[in-house]
Amino acid sequence: MEFSSTAAAKKTDSVMGDGEYAKFCEFFYRKTGIHFQEGKKYYVERRIIDRIEKTRSTSFRDYFTMLRFQASGEELQFLVNSMTVNETYFFREDYQFDALVNHILPNVARTKQRGAPIRIWSIPCSSGEEPYSIAINILERWNLADSWNIEIHASDIDTKILAEARSGIFGERSLSRVSSQLRSKYFSPRANGDYQICDALRDSIDFSLVNVVDPMQTRRFRDFDIIFCRNLLIYFDDVGRRETVEMFFDVLGAGGFVCLGHSESMSRMSSIFLPRKFGETIVYQKPLSAE
Amino acid sequence: MALVRASQTIRPPQEAAAQDLPAVLADLASPDASVRRAAARSLAAHPEGAMAACDQLEKETSPSVRAVLFTTLIHLQTPKVAERLSALLRSDDTPLRNAAIEALQEMPEAAASVLQSLLKDENSDVRIFAVNIIGALRHPQAPEWLGRVIRTDEHINVCAAAVDGLAEIGGTESLDDLEELRRRFKDNAFMNFAIDAAISRIRGL
């Protein structure tokens with residue numbers, strides 16, 4: 001089906017047939033690792049219609065041609081930004097932060113060479129709540145924090161959400177689990193009711209644009225100790241999950257840890273990591289003697 | 001100390017030329033597992049290197065390199081690759097065998113032909129593995145293949161594995177075959193229990 005105006009697009013229920021939808025999903029999967037099933041057609045199509053309007057394309061076919069062959073890749077980035085879900089908040093799934101300060105970091109510190117930095121990667125970092133939560137937990141709750149140089153890297157595939165993360169401005173909903181004591185220590189209130197995270201924390205986190213399925217972009221991440229990758233792999237298919245956790249294996253140093261979301265289990269993706277139960281959560285460790 | 005800005009310590013992304021196949025194959029023979037792992041991953045861009053990946057799988061000892069080789073072979077899947085992987089079902093190395101089963105489950109079209117052959121294998125263990133693969137295979141004919149197993153295979157364990165598979169992927173068209181199987185093994189309590197469970201699931205009870 002084709003249409004020639006924005007108004008027409010709004011009235012149209014469907015701009016792509018099932019074959020075109022399948023073709024688009026295959027393309028998007030190849031570029032991002034994100035796998036949309038048939039049941040997601042409405043969700044995907046709403047966003048494509050929006051991008052068709054914004055780019056003044058005349059049809060899905062016209063838009064898809066531009067998407068595939070645009071040299072800059074700019075439109076693909078816009079589309080990725082609109083397709084990704086970024087809902088999160090501070091201290092989400094906080095039992096993993098308990099495991100971080102009570103078990104994972106002490107484990108890392110026991111085997112880590114003195115003087116080498118402890119490296120943590122938050123991917124996808126969304127609007128920044130996760131990497132900032134990691135930072136606050138470490139500063140507040142790990143008694144050896146001052147004895148180590150700790151690097152926190154935070155990456156996402158969505159440029160718009162990365163800009164939000166860098167700005168460090170959060171609304172009440174995002175901060176609902178942050179105590180007033182921590183708010184006054186690490187945030188300053190803004191006139192509109194939002195909060196701005198302090199410069200010291202904002203400047204300590206290294207934000208970067210990374211597509212996890214692009215080996216060119218991930219190969220620079222090496223010798224990491226801990227990876228937080230929560231609620232990303234649920235959007236991937238089986239092969240995409242395998243590839244991503246195998247990439248994590250290369251990113252981590254021996255004995256490094258991966259923390260996944262509560263509904264994600266490494267055992268259904270790969271057997272190359274060792275499950276470790278810490279408190280109320282299971283995390284996954286690259287063997288110390290890993291080849 | 002504590003938190004430090006990290007941007008000075010991570011190299012910016014660099015364009016790297018794709019390795020040609022001889023260079024990748026040379027790396028695959030490296031004594032360093034991380035080099036072999038990278039080579040195994042690079043092989044995914046070289047369909048003509050699929051058999052080399054299969055060869056390496058048969059001698060590779062590092063679990064992490066093996067894992068990447070399997071992922072690469074899933075990418076490169078062809079009937080020939082599926083055939084090579086099916087040979088690993090006879091391996092005494094359990095992790096290798098299980099990984100081969102998982103990989104074959106990811107290549108429904110490529111594995112279809114070899115799985116049909118495996119269902120006729122004289123070794124009942126191999127037939128059970130084939131049935132297990134089919135039970136998790138995203139192939140429209142998978143229920144039909146399992147139906148044929150319970151109609152024709154004489155080994156009770158092979159049939160029981162197929163009943164388990166049909167409980168997951170079977171439809172109402174499997175019900176007659178299941179009842180017929182019950183008659184064939186009418187004195188076996190476990191088979192009766194498995195058939196009842198499968199029928200209940202198929203009927204959504």
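User: What makes the crossing of α8(B) and α9(B) left-handed or right-handed?

Analyst: α8(B) passes α9(B) in a left-handed crossing. The rule is that a crossing is left-handed if the near helix is turned anticlockwise from the far one by less than a right angle, and right-handed if clockwise. Bear in mind that this is a predicted model, where local features need pLDDT of at least 70, side-chain atom pairs count only at pLDDT 80 or more, and totals for chains, interfaces and linings use all residues. Residues are numbered from 1 along each chain as written, chains are lettered from A in the order written, and side-chain values use heavy atoms, without hydrogens and water.

User: Which residues of α8(B) and α9(B) make the contact?

Analyst: B:V131, B:I134 and B:G135 come from α8(B), and B:A142, B:W145, B:L146 and B:V149 from α9(B). Contact here means heavy atoms within 4.5 Å. These residues divide into six nonpolar, one polar and no charged. Ala, Val, Leu, Ile, Met, Phe, Trp, Tyr, Cys and Pro count as nonpolar, Asp, Glu, Lys and Arg as charged, and the others, Gly among them, as polar.

User: How do you know how α6(A) and α7(A) are oriented to each other?

Analyst: Their axes, lines fitted to C-alpha atoms over the stretch in contact, come within 10 Å and cross at roughly 55°. Under 35 degrees counts as roughly parallel, over 145 as roughly antiparallel, 65 to 115 as roughly perpendicular and the rest as oblique. So α6(A) and α7(A) are oblique to each other. Their crossing is right-handed.

User: Why is α12(A) called largely enclosed?

Analyst: Buried means under 20% relative accessible area, exposed over 50%, and partly exposed in between (1.4 Å probe, protein chains only). In α12(A), 11 of the 14 residues are buried, so the rest of the structure largely encloses this helix. Among the buried ones are A:R242, A:E246 and A:D250, along with A:F248 and A:F249.

User: How do you know that the span of α12(A) agrees with what it should be?

Analyst: The expected span is 1.5 Å times one less than the number of residues. For the 14 residues of α12(A) that should give 20 Å, and the end C-alpha atoms are 20 Å apart, which agrees.

User: And B:G171, does that count as buried or exposed?

Analyst: B:G171 has 18% relative accessibility, so this residue counts as buried. You'll find B:G171 in the loop between α10 and α11 of chain B.

Key: Helix = DSSP H or I, 4+ residues; strand = E, 2+ residues; numbered from the N terminus. Axes fitted to C-alpha atoms, helices over the stretch in contact; angles between N-to-C directions.
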